Amino acid sequence: AIPVRSSRLPLLSDAMPAPAHLFPLIRNCEISRICSTVCYCHHKHLCCLSSHFAHSHFRHAPQKKFAALYRPKENFNYFIHARDYASTPQRFYLTPPQVNSILKANEYSFKVPEFDGKNVSSVLGFDSNQLPANAPIEDRRSAATCLQTRGMLLGVFDGHAGCACAQAVSERLFYYIAVSLLPHETLLEIENAVESGRALLPILQWHKHPNDYFSKEASKLYFNSLRTYWQELIDLNSGETTDVKEALINAFKRLDNDISLEAQVGDPNSFLNYLVLRVAFSGATACVAHVDGVDLHVANTGDSRAMLGVQEEDGSWSAVNLSYDHNAQNEREVERVKMEHPKSEEKSLVKQDRLLGLLMPFRAFGDVKFKWSIELQKRVVESGPDQLNENEYTKFIPPNYHTPPYLTAEPEVIHHKLRPQDKFLVLATDGLWETMHRQDVARIVGEYLTGVHHQQPIAVGGYKVTLGQMHGLLTERRARISSVFEDQNAATHLIRHAVGNNEFGTVDHERLSKMLSLPEELARMYRDDITIIVVQFNSHVIGACQNEEL
């Protein structure tokens, strides 16, 4: 199998009560059997399939007796109380250093040089981090500087039905975008270097955490597909300057097409053959930002999000959405799907807020079960390796499957001209947005970056609070403010709030400790993987660029 990152300790955020009838099963160590057969865990895109198809099971609808698993958070105290019935009666709390060790295990920071030899950058730097819930984690992240053109690329990728597709997209998509942006002369220079065996011009400078790996075994296959793409761009040369929006759309669509084609053609190497099939049959959403001077483009496919943090004149913070979720909550997206299929399918296209009653995002890479014809699916599965042919999920045909493709990887691209008041950008998978409102995200990150805290009246949400309890809340808030700079990474600070916030909006160490102490088989019931990139902008450079344009 391809290498996968260890998830270390399981983690948590969008807590919901565990059904009482599950605890005897937990006590009898049968929870893993249940989790392997119940498909729709809380907020999961498709199902809690193992990344190894051989162990996965598929259900096209949730069972009624597990309905409690699909409700949002109700009362976290119920969960805390229920833990008393687990097989280990003693309570276990992580110490603050242990909590910090878990939260900071995957954090990464990069500071951009003020002048990179070509232009002054509008990006000061970025912080990123990941907190797993799945084992292995299905999220991925990427960041790179474009070396042959201007700008930076940053992205988060949320996998489902395993991590294979998210891993492949995180490795490959930025190369497709960079190639799409290259002028004709540079493409010719690169192709001539390959032909003559000379060293290639570097296209990207990657900024990666040591845990963010590349699949060396597939590098040749991936390179050959990329080369075919740039050869076609050379042949199609129009002589016009490439538009960034068009380049982003073309790169997304071409990579998804290559993922599909590689799975259909197969590979003589049995390892690579299984790998390309795993990539194609799993899926991934993607939210990518391209920053060049004051021009910010966000390309989004699926339900990860991009949010701009804006500092108002009075010093307060506001949030501006730079992406739209592609799911059943987006009426325009539902209408788009309906327009692409016959009216006779209108009632079966979206059921239980899922595409064909199964898939939550309406746009994604991979997921060929929602793109290929039934005949093609059967041919590929029957001629594929035994692990694929013997798997229930890969052989399962979605219900009411008449006019594929039902799914696309084409992104929705939003262009924004940066202003001096635009201080930062947050890219995050849905694991964050399920637990926090965008306005709270903007305030927490803004206050962290500036060190200025605008105090709001403490809201008790209808609770009866004594004078002593209120004093305790105020004391806790003061302590929280004084310790805000314990985190050296904005993404880590945001994850701490996402996982540890209590009903009063403050980080509760006891809650945070309990959330991070959950065993792997329970963690996914309460929240999704969380991946965050926080990009900080250089307001002085942005202001100077604006003045030049005037």
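The model is predicted, with local features needing pLDDT of at least 70 and side-chain atom pairs pLDDT 80 or more, while totals for chains, interfaces and linings use all residues. Residues are numbered from 1 along each chain as its sequence is written, and side-chain values use heavy atoms, without hydrogens and water.

The protein chain has 21 helices and 15 strands, taken as DSSP runs (helices H or I, at least four residues; strands E, at least two) numbered from the N terminus. Of its 550 residues, 55% are buried (under 20% relative accessible area, 1.4 Å probe, protein chains only).

Nonpolar cores are sets of buried Ala, Val, Leu, Ile, Met, Phe, Trp, Tyr and Cys residues joined through side-chain atoms within 4.5 Å.

| Core | Size | Residues include |
|---|---|---|
| Largest | 57 residues | Leu-173, Phe-174, Ile-177 |
| Second, separate | 32 residues | Ala-319, Val-426, Val-441, Leu-494 |

Beyond neighbours within four places in sequence, Leu-173 is in contact (heavy atoms within 4.5 Å) with residues including Phe-157, Phe-252 and Phe-365.

Helix 16 (residues 438-450) packs with helix 18 (residues 490-500) at about 135°, the axes being 10 Å apart.

Methods
Axes fitted to C-alpha atoms, helices over the stretch in contact; angles between N-to-C directions. Buried < 20%, exposed > 50% of the residue type's maximum accessible area, 1.4 Å probe, protein only.
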